[in-house]
Amino acid sequence: MKSSLTNYSCYNTIMKAINTSKISGTQELLPEEQAIFNNLKSTIADTYHLFGFQEIETPSIERTEILLAKAGGDTEKQIYKLIKTGDTTVEAADQALRFDHTVPLARYVVEHQSDLQFPFKVSQIGTNFRGERAQKGRFREFYQCDIDIIGRGQLDIAYDAEVIATLLATFKAFNIDTPVLARINNRKILTGLLRYLGLTDKAAQILNIIDHAEKVTPEKTTLDLEELGLDKATTRKIIAFTNLHGERSFVLKELGNLEIDDAIFTEGLNELDQVLYLLESINLHDQIEADMKIVRGLDYYTGTVFEFILPDHKNIGSVAGGGRYDNLTQHFTDQPFPGVGGSIGLTRLFYVLNEAKLLNPSVQDLVDYAIIPVSEHEYDESLSTAATLRSKGHSATVVFTNKKLADKMTYASKLAKNGVVIGAEEVETKALKAKNFQTGETTELNIEVVSNPEDFWANE
């Protein structure tokens, strides 16, 4: 025994000498926090299902060429590539971790198109990975909860409004005491404006500058535009355009007053008008606004784009976003599969809500019953009792410790809703009582204990 303790002590010392802190940019929660996180995730999944979305899972690992096909923007620089044994360079890596659910979904739709019903309403909830600089509220490994609607050949613009409405309903289901705002735009409006101004060849760079405008000073945005060769008058027009935001009637009127003679601009204007109108028709006026600064950084967006913020916590950035993508599958097939989708950044959302103390701390992942044998002589009866409870659909755990009964009860109260003490008398009489740890009330527990060991293992 002495040797065993000595070895354990050395092992424990070695373990403490190793850095056991988590990698920056990742999330690691205590059980009580995890319960709250899981509750949010379940609420999202339930709301998505309520709106008719079918859940799927795609692999976390994809072929690098699939992810790079339409990554674009900063994301391409943030992809985690997997280097296998034998690879000599990062460039040789032919597999990578997905950075979002949308590109893998495009591959999934092409692969399974003959087995799907279109429009295909689908949800995905899982972890994604981006090698960006870790900071408060931004993560390298994070949960995203996506919904997408994919059409074959065409997809009605009304589906853009449905995705936004679904996400707004999801935030409402959280029952948090803070407002949420959907900022909505259409990329065709800016694309048409830039074409009208003769800046199509610089459109990608200008979109990137606008996408980062809220992360830098206005002076920096102006300087970045001028460094592209834009004169001061053109720069002022673009800055004034991106600063335009507000309710539908106001923004659409202001955009119409620009008198931009461009077909793409007009098409984007009409689409934005229709999406906002549909959302207003279901009384979401106070939760939406048109905002010309929203362009989204990913290259695959072609029409409607949107981001969700918590106005009282603007410093955290967007907690949801998405948009319309008409050409996402073009790298995989000639058949068009237009789509629209949105995603809640659950890890970021949990972080900001937890920091602001807006989450319900009473959410706990407790088992229904903790079975507490007084001594080792009641272990078999305790195991059989737990097995019987499980067979009836109740969760149960058995407390195996050599501590005093009071200490066992204290421990059990942290794990379970109810405690069932089994001593010699309970074994003899089969009369069991359950104590509710929250109310202190004790009630009779009427169950027929499983006596066959095979039945016990069958229920484990």
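Let's start with Glu378, which is buried, with a relative accessible area of 5%; buried here means under 20% relative accessible area, exposed means over 50%, and partly exposed is in between, with a 1.4 Å probe and protein chains only. What you're looking at is a predicted model, where local features need pLDDT of at least 70, side-chain atom pairs count only at pLDDT 80 or more, and totals for chains, interfaces and linings use all residues. Residues are numbered from 1 along each chain as its sequence is written, and side-chain values use heavy atoms, with hydrogens and water left out.

To find Glu378, look in the loop between strand S13 (367-373) and helix H14 (379-391). Helices (H or I, at least four residues) and strands (E, at least two) are DSSP runs, numbered from the N terminus. Leaving out residues up to four places away in sequence, Glu378 touches Pro373, Ile422, Gly423, Ala424 and Val427; a contact means heavy atoms within 4.5 Å. Glu28 sits 350 residues from Glu378 along the chain, and their C-alpha atoms are 37 Å apart.

Now step back for the whole picture. The protein has 17 helices and 17 strands, and its C-alpha trace spans about 90 × 55 × 45 Å along the principal axes. Of its 460 residues, 46% count as buried. Take the contacts between residues at least 6 apart in sequence, and 70% of them join residues at least 24 apart.

After H13 comes Lys357, with a positive phi near 55 degrees.

Strand S6 (residues 141-150) is also where you'll find Asp146. Asp146 is buried yet has no salt bridge, and the nearest side chain of opposite charge, Arg130, is 8.0 Å away. (Lys and Arg count as positive, Asp and Glu as negative, while His and the chain ends are not counted.) A salt bridge needs a side-chain nitrogen of Lys or Arg within 4 Å of a carboxyl oxygen of Asp or Glu. What Asp146 does have is a contact with Ser343, among other residues.

Elsewhere, salt bridges do turn up: the structure holds 16 of them. In one, the side chains of Asp291 and Arg183 meet at 2.8 Å, N to O. That pair links distant parts of the chain, with Asp291 in strand S9 (residues 288-291) and Arg183 in strand S7 (residues 181-186), 108 residues apart. Asp291 counts as buried at 4% relative accessibility, and Arg183 counts as buried at 7%.

Glu267 and Lys188 form another salt bridge, at 2.9 Å, N to O. Glu267 lies in helix H12 (residues 263-281) and Lys188 in helix H7 (residues 187-196), so the pair ties together parts that are 79 residues apart in sequence. Here Glu267 is partly exposed, with a relative accessible area of 39%, while Lys188 counts as buried at 13%.

Strand S13 comes back in the last pair. Lys417 forms a salt bridge with Asp368, their closest N and O atoms being 3.5 Å apart. Lys417 belongs to strand S15 (residues 416-422) and Asp368 to strand S13, 49 residues apart.
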